[in-house]
Amino acid sequence: MKKDIEALRAMANQVRRDIVRMVYQCQSGHPGGSLGCTDFFVALYGSQLNYKLPFSMEGKEEDLFFLSNGHISPVWYSVLSRSGFFPTEELKTFRKLNSRLQGHPATHEGLPGIRVASGSLGQGLSVAVGAALAKKLEHDSALVYALTGDGELDEGQNWEAIMSAAHHKVDNLIVTVDWNGQQIDGPTEKIMDLGDLPAKWNSFGWEVLILENGNDLELVIDTLELAKSRLHQGKPIVILMKTIMGYGVDFMMHSHKWHGVAPNEEQCNTALNQLKETLGDF
Amino acid sequence: MISINDLVVQGKKATRDGFGVGLTEAAKMNPKIVALTADLLGSLKMDEFKKEFPERFFQMGIAEANMMGVAAGMSISGLIPYTGTFANFSTGRVYDQIRQSIAYSHKNVKICASHAGLTLGEDGATHQILEDIGMMRMLPGMMVVVPCDAHQTKLATMAIAHHHGPVYLRFGRPAWPVFTESLPFEIGKAQLLNEGSDISLIATGHMVWNCVEAIKILAQEGITCDLLNIHTIKPLDEEAVIKSVSKTNCVVTAEEHQINGGLGDMIAGLLSRHHPTVQEFVAVCDSFGESGKPDELLIKYGLGVADIVKGAKKAWSRKK
C-alpha cells in the first residue's frame, strides 16, 4: 500500500481536516494528540503497514497495529476510513449514539481496523507484545506495530510490558512513543518527569531510535524503514518520536490545553483555513 | 431418586490439581491452547503443561496486568490463552485490564484462578479473595465457572476451550473430597446431586461437599433436601433452580465468597423475579478472612457443615 510522498502529504492535510471537523461536530474528543500524530498514521498506513481488506480480526500474515493511547481516535478513524477500512461518510457519526466510532476505539460495535479496545491507558503495549508473540509462535512473519503516548508511560503496566518484550525477545515489534512532552494537566516534566527516556528503554533491553521531528512525513517514513531493517535481531524496537501537539493548527500547537477540547465554530473555521487543501470532506 | 448416597468418594485432591491435568489434556487435543503464568507455575500445577508443550508456555514474571494484556493480544490470531495465577491476582489486581482488553474486546482468554477463598489458609486475608465471583460475573459476556472437586475442575478446564469468549475459572488450594467421577458434566447445566422435598440447597465450589455432609445430618431430623451444584455461575441454569425451588419453596445458598455479589445474590435476584422464596445465605458476611487452617477458617467465618444445617433449619422454620 505505497503512495508517493505528495499523495501522502495531501492525505495528511485531509486527515487533519477530518480531525478538526469530527471533534467540532460532536463538540468533544481529543484534537491535540490526533493532529500531532497525523504524519505518523499517514506514514504507517500509507507506506509501511502490510494490511489486508476486507478487515479480518485474526490478521493472519498481515501487519497489525495497536493504538494504546486510544483518546487520539479521530486520527486513527480518519486514516482507517481513508485507507478503505470503512466508508469515509461514517466519520460524521464519531462519538454519536449508535455509532461504530466510539469516543475511544472499541471492537464491540465491529468497526473494521480495531482489534482491541483502548482508552484506559497503559494496556496497548501488553496486547501488542501478546500479538507479536503469537505471530512468532505461529511462524507468521508479518510485523506488529503499536503507538503509545508519553504521558501514558506513567502507567506501570507499560514497564511490565517493556520488560517482558525484551525478556521474550519480541523482535517483530516496533513501538512508537508520541513524545510530545504534554499530558492533560501540563508538560510531562512538571506532571511526572519521564527522566532520560531513551536510557530507560535502552536499559530495559530495547533498540532505541529517536525521531527528531515526527511531523516531517518523509523523516517518519525513513525512521519506520530504519526500524524495520533492525528487526529480527533479538530485540524489540522503540521509536521515540518527537511531535508537536496540535501540529497543523497554529493556535492548538505546543500546548496541552487542546488535549481534549473541541473548537467552537470560529476556531473550527480558522483551523480549516489553515488546512485548505482537501481530497473531499466527509 | 438421585441421592448423595450414590456418590463415590475417591480420596482427596486439590481442585488445582484437576486444573493442571485438565490443561495438559486440553492442550493435547487443541494445538491452539497456550498457557501463561505470573511466577506461580508450581502453585497452579502447570508443570506438566510446560514439560509437554514448552514452546506454548509463557512465563510472564510477577506482572499480572501485563499477563492479561499479553493473553488478550495472543488470542487475536486464534490462540486460546489460559492465564494462571492466584484468584486475587487474577481479578482484583487486574480488573481494568480484564474489563477493557479482554471482556469489552471479547477476547477468548481463559482466566484460571487458584487459591480462591478462605481455604487458601495460612497466607491470610491479603490472598483470600472473597469478592472475585461478584467482580467477574458483573462483566458483560464473562462466563464464570466454579467446579466443586478436582475431577470436575479437570473437566471444566477442558470444556471451556470449546466456549468462544472470556471465562473466569475459579478453584482452590486445599485437598478436598473427590466425588463427581461418575457424573456427567456440561458447562451451564446445574448438577442435581440429591433429591428431597423440603429445602433446595444451592451451592458452588468447595461448599458443595459441605452441603453433602449437611444433608446427612438434616436427614436424621427428617428434613430432606435437593442439592444443586452450580458449577457454572454465569450463565446460570435458571431452569434447574426454578424447578427445584418450585417444589421446595425454601432455599439455602452456600459459597466460599462474600455474601455480597456472589451465588446467593444471583439466586435471590432470579427468584425475586420469578418465584419469590424464603432464602438463607451461607457466605462470608462482609468481612475479610485471616490466617488459619482451611477447616478452622470455614467454621470461624460461618461456612462449616454446622452452619449449613443451621441455615437450613432457619429457612425451614421461616417457610412454615
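The secondary structure of chain A consists of 10 helices and 7 strands, where helices (H or I, at least four residues) and strands (E, at least two) are DSSP runs numbered from the N terminus. The model is predicted; local features need pLDDT of at least 70, side-chain atom pairs count only at pLDDT 80 or more, and totals for chains, interfaces and linings use all residues. Residues are numbered from 1 along each chain as its sequence is written, while chains are lettered from A and ligands numbered from 1 in the order in which they are written.

The radius of gyration of chain A, taken over C-alpha atoms, is 17 Å, close to the 19 Å that the globule rule gives for 282 residues, so chain A is as compact as a globular protein of that length. The globule rule is 2.2 Å times the number of residues to the power 0.38. The C-alpha trace of chain A spans about 50 × 45 × 35 Å along its principal axes. Of the 282 residues in chain A, 52% are buried. A residue is buried if 20 or more other C-beta atoms lie within 10 Å of its own, exposed if 12 or fewer, and partly exposed in between, with C-beta atoms placed from the backbone. Among contacts in chain A between residues at least 6 apart in sequence, 76% join residues at least 24 apart; two residues are in contact if their C-beta atoms, placed from the backbone, lie within 7 Å.

Two packed helices are described by the angle between their axes and the distance between the axes. Helix α1 (residues 5–26) and helix α10 (residues 265–273) of chain A pack at an angle of about 170 degrees, with their axes 10 Å apart. Axes are lines fitted to C-alpha atoms, for helices over the stretch in contact, and angles run from 0 to 180 degrees between N-to-C directions. The angle makes α1(A) roughly antiparallel to α10(A). Angles under 35 degrees count as roughly parallel, over 145 as roughly antiparallel, 65 to 115 as roughly perpendicular and the rest as oblique. In this pair, A:R17, A:V20 and A:Y24 of α1(A) meet A:C268, A:A271 and A:L272 of α10(A). By class, the contact has 5 nonpolar, no polar and 1 charged residues. Ala, Val, Leu, Ile, Met, Phe, Trp, Tyr, Cys and Pro count as nonpolar, Asp, Glu, Lys and Arg as charged, and the others, Gly among them, as polar.

Between the chains, 28 residues of chain A are in contact with 24 residues of chain B. On the side of chain A that touches chain B, α5 (124–137) and α6 (156–167) each supply at least two residues. The largest share of that side, 10 residues, comes from α5(A). Its residues divide into 12 nonpolar, 10 polar and 6 charged.

Chain B is divided into domain 1 (12–177) and domain 2 (183–319), with bounds from an automatic or database domain assignment. The C-alpha centres of the two domains of chain B lie 25 Å apart, and the contact takes 31 residues from domain 1 and 32 residues from domain 2. The largest share of the side of domain 1 of chain B that touches domain 2, 4 residues, comes from α7(B).

In chain B, the axes of helix α3 (residues 64–75) and helix α5 (residues 95–104) come within 9 Å and cross at roughly 5 degrees, which makes α3(B) roughly parallel to α5(B).
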